[in-house]
Amino acid sequence: MIEAENFDRLFQQAVNAIDAGDEAALQDLLNTNPQLATQRLYTPGQWLTSVIGDALKGFYKDPYLLWFVSEDAVRTGKLQKNIAQIAAIIIEKIKSSNHSSLQEQLDYTLKLVGYSRVAQDCNVQIGLLDVLIDAGAEIGTTSTDALVNAHFDAAKHLIKRGGELTLPTALCLEMWPEADALAANASGDVKQFSLVLCALNGKAEGVRKALSYGADINKPSNDLYPHATPLHHAVSSGSLETVEILVNAGADLNAVDTAWDGTPLGWAEYGGREEIVYYLKKALKSQLRRE
């Protein structure tokens with residue numbers, strides 16, 4: 001067992017090699033210190049806590065080295081073109097160590113890559129997904145995770161690779177017959193999640209469908225940004241059409257989110273959504289006249 005301070009120092013060197021895309025340096029470090037691929041970093045130093053301290057208390061707590069190929073807890077804002085090969089080196093070392101964490105590492109890293117805006121922006125997301133899936137990562141509902149950050153290509157690819165097609169994914173990918181079939185047995189929570197995810201992605205027809213399945217127009221989703229209503233999230237998407245569908249269907253124009261005490265109009269003004277600001281002001285005036 002490597003002493004904690006030395007382990008942190010070696011872990012930092014390995015992360016630096018990942019950031020640089022230096023396959024040789026990473027391989028040498030792992031050959032000399034195979035624990036780097038299998039042990040969590042329980043006591044990260046200032047080099048990491050000063051950059052992603054909040055993430056280390058949440059979704060990135062006690063990270064494995066493999067997680068750093070995702071850049072989902074953003075440190076540098078970029079990933080090298082050979083990051084899939086870098087990931088393969090780490091995976092091979094975990095496998096050769098016969099470590100029990102392999103499946104856990106593969107599955108969670110797949111989710112991180114699915115979420116990662118940096119991986120998408122650097123055009124390495126699909127390659128990383130494939131390396132992880134080929135190594136045995138279970139795809140499950142990761143396509144839905146990817147759509148939380150509007151990663152449509154990743155979601156399509158994950159379904160193509162055998163991922164589970166869920167109602168929210170089917171709606172966001174405009175797979176209407178599949179969505180209708182899935183809605184028949186979907187729970188209220190799944191329908192609500194679907195409505196919010198479609199609103200978040202500005203998927204107007206998906207929102208219309210989710211409402212027709214019985215989703216509550218003003219209820220937040222317990223599992224996706226529960227601080228705000230579907231209308232708030234539609235405003236955030238920038239899709240005027242999606243906002244119009246919700247308003248015309250009876251969405252509460254005066255609903256207040258629980259994070260910032262903002263109305264949908266307030267969100268639109270803050271986000272500089274001028275068309276939506278104009279539309280919501282008109283809708284509010286019309287509502288006042290009716291009252």
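Guide: This is a predicted model. Start where helix α6 meets helix α8: Leu 106, Thr 109, Leu 110, Val 113 and Gly 114 in α6 touch Gln 125, Leu 128, Leu 129, Leu 132 and Ile 133 in α8.

Visitor: What makes up the contact of α6 with α8, by class?

Guide: There are seven nonpolar residues, three polar and no charged ones. Gly counts as polar here.

Visitor: Why is α6 called roughly antiparallel to α8?

Guide: Helix α6 covers residues 102-115 and helix α8 residues 125-134; they pack at about 165 degrees, with axes 10 Å apart. Angles over 145 degrees count as roughly antiparallel. Therefore α6 is roughly antiparallel to α8. Their crossing is left-handed.

Visitor: Which residues of α16 are buried?

Guide: Helix α16 spans residues 240-248, and its buried residues are Thr 242, Val 243, Ile 245, Leu 246 and Val 247. To be called buried, a residue needs under 20% relative accessible area. These buried residues pack against α13 (188-200), α14 (204-212), α15 (230-237) and α18 (274-290). Just after α16, Gly 250 has a positive phi of about 110 degrees.

Visitor: Why is Lys 111 called partly exposed?

Guide: Its relative accessible area is 29%. Buried is under 20% and exposed is over 50%, with partly exposed in between. So at 29% Lys 111 is partly exposed. Lys 111 sits in helix α6. Leaving aside residues up to four places away in sequence, Lys 111 touches Thr 142 and Asp 145. Lys 111 and Glu 138 are 27 residues apart along the chain, and their C-alpha atoms are separated by 9.9 Å.

Visitor: Why does Asn 123 count as exposed?

Guide: Exposed means over 50%. Asn 123 has 67% relative accessibility, so it counts as exposed. Asn 123 lies in the loop between α7 (117-121) and α8. Asn 123 is not a glycine, yet it has a positive phi of about 60 degrees.

Visitor: What makes Asp 261 exposed?

Guide: Again the cut-off is over 50%. Asp 261 has a relative accessible area of 63%, so it is exposed. Asp 261 lies in the loop between α16 and α17 (264-271). Asp 261 also has a positive phi of about 60 degrees, although it is not a glycine.

Visitor: How many residues are in the largest nonpolar core, and which have the most contacts inside it?

Guide: The largest nonpolar core has 53 residues. Those with the most contacts inside it are Phe 11, Leu 26, Leu 36, Tyr 60, Leu 65, Leu 66 and Ile 90. Apart from that core lies another, of 45 residues, including Ala 170, Ala 210, Val 243 and Tyr 279.

Visitor: What does Tyr 60 touch?

Guide: Not counting residues up to four places away in sequence, Tyr 60 touches Ile 52, Ala 55, Trp 67, Phe 68, Ser 70, Ala 73 and Leu 112.

Conventions: Residues are numbered from 1 along each chain as its sequence is written. This is a predicted model: local features need pLDDT of at least 70, side-chain atom pairs count only at pLDDT 80 or more; totals for chains, interfaces and linings use all residues. Side-chain values use heavy atoms; hydrogens and water are left out. Buried means under 20% relative accessible area, exposed over 50%, partly exposed in between (1.4 Å probe, protein chains only). Helices (H or I, at least four residues) and strands (E, at least two) are DSSP runs, numbered from the N terminus. Contact means heavy atoms within 4.5 Å. Axes are lines fitted to C-alpha atoms, for helices over the stretch in contact, and angles run from 0 to 180 degrees between N-to-C directions. Angles under 35 degrees count as roughly parallel, over 145 as roughly antiparallel, 65 to 115 as roughly perpendicular and the rest as oblique. A crossing is left-handed if the near helix is turned anticlockwise from the far one by less than a right angle, and right-handed if clockwise. A nonpolar core is a set of buried Ala, Val, Leu, Ile, Met, Phe, Trp, Tyr and Cys residues joined through side-chain atoms within 4.5 Å.
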